[in-house]
Amino acid sequence: MAGMKTASGDYIDSSWELRVFVGEEDPEAESVTLRVTGESHIGGVLLKIVEQINRKQDWSDHAIWWEQKRQWLLQTHWTLDKYGILADARLFFGPQHRPVILRLPNRRALRLRASFSQPLFQAVAAICRLLSIRHPEELSLLRAPEKKEKKKKEKEPEEELYDLSKVVLAGGVAPALFRGMPAHFSDSAQTEACYHMLSRPQPPPDPLLLQRLPRPSSLSDKTQLHSRWLDSSRCLMQQGIKAGDALWLRFKYYSFFDLDPKTDPVRLTQLYEQARWDLLLEEIDCTEEEMMVFAALQYHINKLSQSGEVGEPAGTDPGLDDLDVALSNLEVKLEGSAPTDVLDSLTTIPELKDHLRIFRPRKLTLKGYRQHWVVFKETTLSYYKSQDEAPGDPIQQLNLKGCEVVPDVNVSGQKFCIKLLVPSPEGMSEIYLRCQDQYARWMAGCRLASKGRTMADSSYTSEVQAILAFLSLQRTGSGGPGNHPHGPDASAEGLNPYGLVAPRFQRKFKAKQLTPRILEAHQNVAQLSLAEAQLRFIQAWQSLPDFGISYVMVRFKGSRKDEILGIANNRLIRIDLAVGDVVKTWRFSNMRQWNVNWDIRQVAIEFDEHINVAFSCVSASCRIVHEYIGGYIFLSTRERARGEELDEDLFLQLTGGHEAF
Amino acid sequence: MGESSEDIDQMFSTLLGEMDLLTQSLGVDTLPPPDPNPPRAEFNYSVGFKDLNESLNALEDQDLDALMADLVADISEAEQRTIQAQKESLQNQHHSASLQASIFSGAASLGYGTNVAATGISQYEDDLPPPPADPVLDLPLPPPPPEPLSQLVVKVHMNDNSTKSLMVDERQLARDVLDNLFEKTHCDCNVDWCLYEIYPELQIERFFEDHENVVEVLSDWTRDTENKILFLEKEEKYAVFKNPQNFYLDNRGKKESKETNEKMNAKNKESLLEESFCGTSIIVPELEGALYLKEDGKKSWKRRYFLLRASGIYYVPKGKTKTSRDLACFIQFENVNIYYGTQHKMKYKAPTDYCFVLKHPQIQKESQYIKYLCCDDTRTLNQWVMGIRIAKYGKTLYDNYQRAVAKAGLASRWTNLGTVNAAAPAQPSTGPKTGTTQPNGQIPQATHSVSAVLQEAQRHAETSKDKKPALGNHHDPAVPRAPHAPKSSLPPPPPVRRSSDTSGSPATPLKAKGTGGGGLPAPPDDFLPPPPPPPPLDDPELPPPPPDFMEPPPDFVPPPPPSYAGIAGSELPPPPPPPPAPAPAPVPDSARPPPAVAKRPPVPPKRQENPGHPGGAGGGEQDFMSDLMKALQKKRGNVS
């Protein structure tokens with residue numbers, strides 16, 4: 001035992017005094033002084049500290065942080081000598097888990113307790129377990145960007161902060177499901193709300209906010225983000241993170257393994273959110289057509305998530321089709337409004353007949369819309385001069401199967417046209433139907449017919465409803481008189497297309513131009529369930545040519561100018577900084593080895609056939625590049641090790657290593 | 001051998017089961033008259049069956065195939081064999097595809113559904129009479145039940161300039177048709193085989209994707225079309241899966257990559273494919289470059305810079321950069337198919353002959369809605385075409401490929417086995433296929449007998465590699481089939497046969513009779529008769545073909561009977577008044593019964609002799625057989 005004294009009070013053993021501050025790194029923290037020897041074990045020291053503090057408290061999470069060495073003393077059986085601790089060491093006795101504010105991919109803030117003592121890789125894994133996100137190896141943390149305080153201190157509206165800091169997760173076991181959510185979320189109303197925030201898509205952002213948020217204007221801007229990744233082999237404490245700091249949680253590696261809508265609601269949603277923000281903030285570019293699809297999916301996803309239809313996909317089970325029809329028929333009958341007998345309606349083919357105005361654009365014709373008697377049956381549209389002639393031969397008969405249906409609608413102008421592009425052996429014939437209140441039914445019929453289905457299809461009713469809903473959105477959103485029709489701040493419940501597209505499209509199109517295009521794209525996705533729509537969104541995002549490329553500014557050996565290195569899940573890309581052209585691509589599958597010279601911050605890579613590449617990192621530390629490469633290599637091993645525990649050692653081996661230097 | 005024989009057994013058993021069912025069913029259907037004149041181009045639309053189940057369809061297809069093979073084969077030879085085998089067989093020769101079709105239609109009416117049997121049937125081919133000479137002929141299969149299943153008789157051009165006709169029903173995918181053709185041609189079944197559609201008028205062509213519904217594609221053709229379907233090998237079809245690096249890693253520095261690419265090893269290819277096709281979303285090859293675009297309605301071509309993305313083809317507008325935000329959409333793939341253009345240098349003054357074309361599948365004539373693009377070289381052309389297919393079809397393409405590989409692998413394994421057995425080649429392919437197709441079960445009855453027969457046959461084959469002897473010895477259709485296989489590839493049957501082809505129609509009457517109920521037991525073998533040459537006139541007499549037959553419109557709505565007469569049988573005498581749709585059978589019965597009866601006797605003995613005949617086949621089967629016999633006999637009579 002340390003601290004043996006003579007009668008005079010002199011210590012006769014080799015013991016010395018060790019001062020330990022209690023609490024987090026606070027210069028004015030209270031401190032206790034212990035008498036220790038070099039042989040004292042850390043565990044004994046901990047015990048003594050607790051005794052001295054003499055406070056009833058759960059100290060189990062506390063450990064000693066050695067400030068000068070930036071190191072936790074976690075090996076309780078090690079002696080002070082083994083750690084090399086002398087009397088001048090500044091030690092802090094503090095909790096290993098501390099609260100941080102996590103900015104999720106959906107941009108919401110969440111307070112939770114993260115491990116400050118484990119390597120970040122494990123800390124992220126724990127966070128993901130808490131949030132019930134599988135495959136935590138794909139995510140990591142970034143430092144929050146420094147806020148520019150120069151601007152006038154605009155009072156940002158205090159945003160809602162979700163709090164999970166009190167939730168403690170039992171180790172080891174995967175959290176059980178309770179009431180449709182992991183059990184630890186079901187404790188209180190707050191945590192339940194938190195789970196909904198995590199697992200359900202957020203409503204579209206305010207377009208004004210969207211315009212205000214910083215967007216990268218060049219490739220070099222895009223490199224900024226990647227300089228902020230934390231090091232996954234070191235703990236938060238070692239990286240200068242303090243309790244209460246804000247961190248971003250993001251999918252770092254664009255290699256999403258085994259994405260399963262059924263088991264991954266949070267992961268899917270957060271991934272969708274990250275993709276969505278990527279697009280909205282122009283981190284990744286897409287074409288106009290692609291943007292419309294993304295917007296339509298967002299609209300659809302938002303609609304479903306607002307209406308609470310989180311669950312089942314709509315109409316995916318063809319077996320239910322007939323049942324649905326029968327039920328709806330029955331319903332109609334019970335309501336007494338059925339025009340015909342139930343049996344009739346089940347067996348007869350539904351058709352639409354009405355006076356519509358038809359316009360067929362032709363060269364050198366000045367004729368406009370003309371009224372016709374139009375009959376729509378099965379997938380065929382026939383029109384006659386008048387109703388009287390209907391039994392005879394129609395003027396024209398068009399089979400709409402395979403045709404293109406384009407809405408041409410202006411709600412405020414009371415214009416409801418359907419443009420049909422009908423294929424025939426000779427080419428496409430174009431025809432416009434001008435409807436009034438029948439629009440939704442005819443439109444729905446045309447859409448189904450173009451897919452080869454008839455109005456007997458069970459999706460007909462929902463299609464009609466969807467069209468009506470969309471029209472009403474336009475009415476409230478952009479059509480209403482006196483209500484800044486085209487302003488970005490139209491009423492909240494209306495569709496504001498500006499919240500769905502990147503700002504550059506806001507500049508390019510008026511809202512009323514965007515709406516019909518989004519509507520048009522929406523018709524292809526209207527039947528998707530929430531999860532399917534999110535998955536579709538993610539897939540479309542993944543299909544973009546620039547998807548999944550993390551940019552770093554580097555300087556290649558022998559080159560005099562900075563260039564961009566793009567790191568994707570399967571390749572490295574050398575990109576011209578000024579023009580953005582791809583100069584060269586190297587695939588990981590051809591890579592023999594890579595080395596990092598930490599002193600000169602240079603990464604050297606050898607590929608097959610003795611191709612050697614070396615570059616120094618400019619915008620980010622070479623550790624980040626190294627970790628990206630190692631991380632992707634690691635992720636590519638997962639298919640083989642499917643179902644096995646995550647091989648953390650392998651990950652750290654592939655991504656760490658620099659500590660040796 | 002054991003395996004193959006088992007397969008065959010299974011096929012037999014399923015077949016027998018089917019027949020049972022058929023017999024049980026009332027056999028109501030009337031058979032449609034065949035179209036004597038091969039009207040227009042390659043394919044005619046034949047009838048729609050209504051409730052037929054897939055299995056039935058399959059059977060029919062097989063029968064047709066068999067018929068075709070028979071055509072190829074020497075008639076006399078076939079007859080001899082048949083005689084040896086069974087007396088009935090002679091009569092059976094008349095048996096035509098239509099007959100079989102009718103049978104099946106009857107089954108269909110019953111609503112009995114099995115997936116199976118058809119595939120197995122091919123084995124019978126040898127025994128069967130030669131198919132109608134004219135592939136073009138339409139076999140109308142008549143019964144028009146409430147929901148007709150449309151079928152087309154499709155003439156497929158082989159690479160040796162011969163043609164084969166097959167019946168394709170509306171549910172069959174290109175893959176199924178290919179499988180059929182594999183059986184008929186005994187080719188090597190490799191993945192490059194494809195159905196290939198050619199538009200002579202537009203000078204464009206493309207392969208059917210394996211998942212495409214053949215009838216649907218054909219229904220876009222106009223009635224007087226010159227379009228053709230070819231069966232041939234195109235290595236472009238799945239080139240991306242064989243050498244993915246040529247498509248995925250080829251973008252920059254062509255020379256350099258070319259060298260390295262060729263060295264790519266199998267493992268890297270595999271991982272590249274996995275990466276590109278097995279992720280959450282597939283990866284479309286990055287493809288961009290200057291192409292020539294034909295200007296609408298003109299013969300001038302403009303060079304533009306195009307880029308391929310998953311969402312479509314884009315181009316760089318004048319004065320813009322090729323960043324995503326500047327791109328203008330040229331076309332999206334949802335409503336268009338991609339075709340190769342041939343000789344467009346001549347036709348449209350294209351800068352090169354490496355052209356591809358995008359058009360809506362329904363467009364058949366020159367139109368401003370057809371987009372013509374022209375590449376600098378064939379490599380670029382192939383990259384674009386493949387890239388567009390990947391973008392359009394996505395993972396389906398890969399799935400198709402894997403199925404094709406599985407098929408090819410199976411086939412090659414079988415052929416290897418078969419090498420021992422001279423007769424074997426055909427069997428291998430059919431064997432596995434049947435096995436897979438086999439549905440539920442009616443199989444049990446036939447199994448033993450069939451297997452025994454097969455084994456015997458196989459023994460023969462093994463001992464004497466000479467196919468012919470084996471054939472002669474065995475009544476079993478399976479055995480003979482092998483020898484015929486080579487013949488199948490032969491050129492189309494002589495004109496004489498054509499008349500016979502019409503005979504196919506007579507089959508319908510036969511069927512009707514069968515339903516009527518001859519109690520004679522006909523061995524399954526017999527039921528595949530040689531084709532007879534009935535006079536075309538017969539056809540008109542037959543019940544009017546189902547409306548579908550005449551017009552295979554996209555919607556498959558059957559056209560009115562009159563139209564049929566006008567089109568197919570314009571020259572022929574007007575068809576007799578059509579019997580009510582549900583019970584067409586009566587009419588044929590009245591017409592045909594006598595001849596059929598006369599010939600029947602021979603059949604029964606054979607059947608008994610046949611070890612394969614299972615007790616289970618039962619009376620129903622016999623009825624069926626007897627009907628067939630009648631039909632055949634009648635045909636015979638007509639011919640004589």
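The side chain of A:Asp457 makes a polar contact with the side chain of A:Ser459, at 2.7 Å. This contact, like everything below, comes from a predicted model. A:Asp457 sits in a loop of chain A.

Is A:Asp457 buried or exposed? A:Asp457 has a relative accessible area of 15%. The cut-off for a buried residue is under 20%, so A:Asp457 counts as buried.

## Helices H7 and H8 of chain A

Helix H7 of chain A covers residues 265–280, and helix H8 of chain A covers residues 288–307. The two pack with their axes 12 Å apart. The angle between them is about 135°. That angle makes H7(A) oblique to H8(A). The crossing of H7(A) past H8(A) is left-handed.

Which residues make the contact? H7(A) supplies A:Tyr272, A:Arg276, A:Leu279 and A:Leu280. H8(A) supplies A:Met291, A:Phe294, A:Gln298 and A:Ile301. By type, the contact of H7(A) with H8(A) has 6 nonpolar residues, 1 polar and 1 charged.

## Helices H8 and H15 of chain A

H8(A) also pairs with helix H15 of chain A, residues 530–542. Their axes come within 9 Å. They cross at roughly 155°. How does that angle place H8(A) relative to H15(A)? Angles over 145 degrees count as roughly antiparallel, so H8(A) is roughly antiparallel to H15(A). H8(A) passes H15(A) in a left-handed crossing.

On the H8(A) side, the contact is made by A:Phe294, A:Leu297, A:Gln298, A:His300, A:Ile301, A:Leu304 and A:Ser305. On the H15(A) side, it is made by A:Leu530, A:Ala533, A:Gln534, A:Arg536, A:Phe537, A:Ala540 and A:Trp541. The residues of this contact divide into 9 nonpolar, 4 polar and 1 charged.

## A:Ile241 in its loop

A:Ile241 lies in the loop between helix H6 (219–225) and strand E12 (246–251) of chain A. Its relative accessible area is 5%, so A:Ile241 is buried.

What does A:Ile241 touch, leaving aside neighbours within four places in sequence? The contacts are A:Phe116, A:Arg143, A:Leu230, A:Leu236 and A:Leu247. A:Val100 is 141 residues from A:Ile241 in sequence. In space, the C-alpha atoms of these two residues are 9.0 Å apart.

## Chain B and B:Val217

Chain B has 640 residues, and 64% of them are buried. Its secondary structure comes to 28 helices and 13 strands. Take the contacts in chain B with a sequence separation of 6 or more: 80% of them join residues 24 or more positions apart.

B:Val217 is in helix H8 of chain B, residues 214–219. With a relative accessible area of 13%, B:Val217 is buried. Leaving aside neighbours within four places in sequence, B:Val217 is in contact with B:Glu197, B:Arg206, B:Phe208 and B:Glu212. B:Gln362 lies 145 residues away from B:Val217 in sequence. The C-alpha to C-alpha distance for B:Val217 and B:Gln362 is 8.4 Å.

Note on methods
Residues are numbered from 1 along each chain as its sequence is written. Chains are lettered from A and ligands numbered from 1 in the order in which they are written. This is a predicted model: local features need pLDDT of at least 70, side-chain atom pairs count only at pLDDT 80 or more; totals for chains, interfaces and linings use all residues. Side-chain values use heavy atoms; hydrogens and water are left out. Helices (H or I, at least four residues) and strands (E, at least two) are DSSP runs, numbered from the N terminus. Buried means under 20% relative accessible area, exposed over 50%, partly exposed in between (1.4 Å probe, protein chains only). A polar contact is a pair of N or O atoms within 3.5 Å; within protein, one must be able to donate a hydrogen and the other to accept it, and residues adjacent in sequence count only if both atoms are side-chain atoms. Axes are lines fitted to C-alpha atoms, for helices over the stretch in contact, and angles run from 0 to 180 degrees between N-to-C directions. Angles under 35 degrees count as roughly parallel, over 145 as roughly antiparallel, 65 to 115 as roughly perpendicular and the rest as oblique. A crossing is left-handed if the near helix is turned anticlockwise from the far one by less than a right angle, and right-handed if clockwise. Contact means heavy atoms within 4.5 Å. Ala, Val, Leu, Ile, Met, Phe, Trp, Tyr, Cys and Pro count as nonpolar, Asp, Glu, Lys and Arg as charged, and the others, Gly among them, as polar.
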